[in-house]
Amino acid sequence: MKRPIILSLAAIVALAAPVRAHAQDASDAADAFRTGQYADAIAMWSKVAPSDTGWVAAQRGLVRAYATIGKYDEAESVARKATSAPGGAALWTPLGETLLLRGKRAEAESAFVRATAAHAPDSLTAALDLAELHYDRGEHDRAYKEFDRFIDVYNTTLGASLTSAELVDVATAVEYLGANDPQLFKDALKAFDRALTVEPGNTDARVKLGELFLRKYNFADAQSTFDGVLETNPLDPGALLGAARRRDADGSGSADSLARVALSVNPDNADALTFRAELLLGSEDYDAAQQQVDHALRVNPTTGHALAVAAAIKYLTHDQSGFETLRQRALSLDPHDAEFYATLAELTAQVRLYRVAADFARQGTALDPKDWHAWSVRGMNELRLGQIDEGKASLDTSFVGDPYNVWVKNTLDLLDTYKNYDVVSSGHFQFMIEKDEAPILSLYLKQLAEQAYAKYSAEYAYTPPPPIRIEVYRSHADFSVRTVGLAGLGALGVSFGTTLAFDSPAAKDAGPFNWGSTVWHELAHTFTLGMTNNRVPRWLSEGLSVYEEHHAQPGWGFHVTPGFLEAFKFGKLVPVSRMNDGFMHPAYPEQVQYSYYQASLVCELIARDWGQPALLAMLRGYKDGLTTDQVFERVLHTDLAAFDKKFDDYLRTRFAGVLPSITMDPSTVAASSSVDELLRAAKSAPNDFGVQLIAGSALVTQGDTTAAIPILERARAIFPEYGGEDSPYAVLAAVYKKTGDTRKEADVLTAWMALSETNLPALEELSAALEKLGDMKGAADALDRAIYINPFDIPMHERLADLSGRAGDKTRVVREREAILALGPVDRAEALYELAAAQHDAGDDVHARTSVLRALEDAPDFEKAQTLLLTLYDARQSGGAKQP
């Protein structure tokens, strides 16, 4: 555990004796510092004369202010000069803390020793700094003894005589001791609370408390604590960085912008520089990440976290020598630094190297068996690899040592529910599905997953190690916990390689979605990750998954929307050269979804102009360790700048018909306009999608369908790829149904459903229309697609079985009869009989006999079942029994 080395403002104020002429300056300076007016604070503290009784406090304030804005040399100079003045012992601790910010450990230790020897007013803080210094160089036993003294200090007076700053020292020491006794984490929290009771304005206490909440994955309390600081001082570097870390941890965005603000206050803030390096690493921008962490290590060459980030970059860029040099450097500073390996594990997991991450975390737990964070990282990555028993054991170990880690607790609670799941196997898969849903979902999942496996294994020439584990969660909150440890994840599915997890179609809190396309999407990741040894960048892996959806079934995958085109037209899409940013650091809420579609279009363009094999060649390039620049140059014979231009031209050409309609201005036509006004508006703007759609829809509402149809058809022609529920297709389908033109209704619905994967009512309407037209196969196919939105509707399965029978698809009839039985129908005997009849009709008399006998077990006098059994018996006796 590392904490920022910053002198408490509370200690500065406590030392002040504002009775001389410059007392007001000192008081105003403290107020200026609290509100982020650092230059003003420096100017006012600088005015305090050496003869003033508040001079020592002013020098401490100057040290703090200079250090806060990164003027470390000035801070050190002020502190050194002040130590030789009367009362200068109060500057030894600030000097030591300033030296530590530059990695000057030996000099810092000497300063802390002098502060304690001189019984400086902040000698308790100096003692804490010494203990932390000993801990950070691997002398844990010695450090724990020193931390233990703080409990004695607190218990002697029950904290009554301690200042707010000293109570923060106690809280920090007690948190370290929590590694041996987790109940002490509660005492740390109490000490922080007491510190804030003594001095509510102690921003250092709030920042450190927020960091404690972050370490326990309590993001809500962390954010409210940081917000409390930022309301008073929007430029507090610690609170800014804490809020940035919180946003990054829960994926809420804006983490980088907050870190940039912190760096605007102090460009040499090593913690903020390292954090930005982590963000850039997550986006796989290793060159930029290297620049940030190199800067951090120039400022402080001894910061273990920065060394771990730097080592991760070397590892991910295949620089084994550089990695080993940094590893040895970090462990020479702290031979027991398990957090070095825990950080490596977290960062490699960010780029989907889960097996590597688990191995790094194991090295961490071996180095320090009491590093509960390393145990948690190890367990999470073992679970991602499908090693459920091993992962649970690691998390149990972490939880015993630290029962206040919310992620660990939530995940263990989830694992406890696995007894409510069945494990069902097929040729290449192992499915974990809640017991009530396993019979129905496994019926479809087995078939769909094996179809995807056959396609992908041939296409990508790759065979994943068996089995592929697929977990299906009835609760979206449970799926979210499985993925990120907390409820609230926006995604519907996740792939860890050969372990997949996604929402059940019964997860109502997930909203309507197509679980079939989700399976297809996530399984594509299994192959693209696997064939590249998990080296494929996120944008390409996601783009290929959506690309595969588009080519699997009509309607599957993300499709274009007016919002996407608006983002493109007004420069809100990231260029292809920075595609990962759209996924990892979205600038606005819709950007992640837009990035999925954008990445799929990149794949479409490459397949169109370079051929499908080029996509596979790109994956092989990543497997070989090439960068994205090198992959584009080797495979596509172009650079990223040229491809960015080509892709921009591709989008402008593809959507040329509708782009002029995409404006920031409100439409000039109102739905309440008269018929004549609507017709004039449509005529005056024949190429404006919005005007045509609004005018046509309004005419329908006003009952003039004859005038509306050509206007709506014009809107469809302008933007034929838009299939939203407010698209021209929706209005036209309703109009053609109302006018009795079933052929046109079916045509519109068919085109519409090729652009939408979640519109269950429209698929049912399409099935009904095609049935009317005598197209039983088309009607059955439409309803079959609806099953991947809602598989729990028995009447839908009955209708699909009927349509499939009329279409001559005997295999699908059997499947649908099995589905009805799996859903627990009221008349189970009838369902078994219908299944037996379907099996017999499909030529499978062996299973037909089993099914009809089960029907007769439920209803011994069931006449139709008895007749069918006799038919099957006669066929068997005559040698004419059908075999499966």
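The structure is a predicted model, in which local features need pLDDT of at least 70, side-chain atom pairs count only at pLDDT 80 or more, and totals for chains, interfaces and linings use all residues. Residues are numbered from 1 along each chain as its sequence is written, and side-chain values use heavy atoms, with hydrogens and water left out.

**Glu 434**
- Glu 434 belongs to strand S2, residues 429-434 (strands are DSSP runs of E with at least two residues, helices runs of H or I with at least four, numbered from the N terminus).
- Glu 434 is buried, at a relative accessible area of 19% (buried means under 20%, exposed over 50%, partly exposed in between, with a 1.4 Å probe and protein chains only).
- Apart from neighbours within four places in sequence, Glu 434 is in contact with Asn 420, Tyr 421, Val 472 and Arg 474 (contact means heavy atoms within 4.5 Å).

**Helices H41 and H43**
- The axes of helix H41 (residues 776-787) and helix H43 (residues 810-822) come within 13 Å and cross at roughly 35° (axes are lines fitted to C-alpha atoms, for helices over the stretch in contact, and angles run from 0 to 180 degrees between N-to-C directions).
- Lys 777, Ala 780, Asp 781, Asp 784 and Ile 787 of H41 make the contact with Arg 812, Arg 815 and Glu 816 of H43.
- This contact has 2 nonpolar, no polar and 6 charged residues (Ala, Val, Leu, Ile, Met, Phe, Trp, Tyr, Cys and Pro count as nonpolar, Asp, Glu, Lys and Arg as charged, and the others, Gly among them, as polar).

**Second largest pocket**
- The lining of the second largest pocket has 14 nonpolar, 10 polar and 11 charged residues (lining residues have an atom within 4 Å of a point on a 1 Å grid; a pocket is an open set of points where a 1.4 Å probe fits, with protein on both sides within 12 Å along at least five of seven lines).
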